[in-house]
Amino acid sequence: MTNEINETLSAWIDDEASEIEIHRLLRHCDADDSVLQTGLGYQHVRALAHGDAGPSLERHLALQQRISAAIDA
């Protein structure tokens with residue numbers, strides 16, 4: 001994952017990414033699973049920093065995998 005994608009991912013998590021950046025990010029998510037995993041990790045850290053523990057990162061990843069499998073089916 002490039003530094004540019006990493007920065008865009010961080011901006012998206014902070015609601016600071018432009019529409020074009022979000023579309024580029026989504027294309028990279030399709031091509032590279034590490035982008036999605038990193039994004040979920042950032043989202044989890046942000047939630048913890050705001051006092052919202054929410055589901056674990058592992059549960060997010062499991063849900064994403066189930067959704068992807070259902071879409072593929």
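Leaving aside its neighbours within four places in sequence, Leu25 makes contact, defined as heavy atoms within 4.5 Å, with Ile5, Thr8, Leu9, Trp12 and Val35. The model is predicted, so that local features need pLDDT of at least 70 and side-chain atom pairs count only at pLDDT 80 or more, whereas totals for chains, interfaces and linings use all residues. Residues are numbered from 1 along each chain as its sequence is written, and side-chain values use heavy atoms, with hydrogens and water left out.

The C-alpha trace spans about 35 × 30 × 20 Å along its principal axes. Of the 73 residues in the chain, 21% are buried, where buried denotes under 20% relative accessible area, exposed over 50%, and partly exposed the range in between, computed with a 1.4 Å probe on protein chains only. Among contacts with a separation of 6 or more, 43% join residues 24 or more positions apart.

Helix α3 has 17 residues and reaches 25 Å from its first C-alpha to its last, close to the 24 Å expected at 1.5 Å a residue, the expected span being 1.5 Å times one less than the number of residues. Within α3, the residues Val35, Gly39, Leu40, Gly41, His44 and Ala47 are buried, and what covers them includes α1, α2 and α4. Just after α3, Gly51 takes a positive phi of about 80°.

The largest pocket holds about 190 Å³ of space and is lined by Leu9, Trp12, Leu25, Leu26, Cys29, Val35, Leu36, Gly39, Leu40 and Gln43. On a 1 Å grid over the protein atoms alone, a pocket is an open set of points where a 1.4 Å probe fits, with protein on both sides within 12 Å along at least five of seven lines, and lining residues have an atom within 4 Å of a point; grid points are joined across faces, edges and corners, and the volume is the space filled by probe spheres set on them. At least two lining residues come from each of α1 (3–13), α2 (19–31) and α3 (33–49), with α3 giving the most, five residues. The lining comprises eight nonpolar, two polar and no charged residues, with Ala, Val, Leu, Ile, Met, Phe, Trp, Tyr, Cys and Pro counted as nonpolar, Asp, Glu, Lys and Arg as charged, and the others, Gly among them, as polar.

Asp15, found in the loop between α1 and α2, has a positive phi of about 60° although it is not a glycine, and Asp15 counts as exposed because its relative accessibility is 66%. Glu19, in helix α2, is likewise exposed, at 60% relative accessibility, and its C-alpha atom is separated by 27 Å from that of Ala70, 51 residues apart along the chain. Ala62 lies in helix α4 (residues 57–72) and counts as partly exposed at 28% relative accessibility.

Conventions. Helix = DSSP H or I, 4+ residues; strand = E, 2+ residues; numbered from the N terminus.
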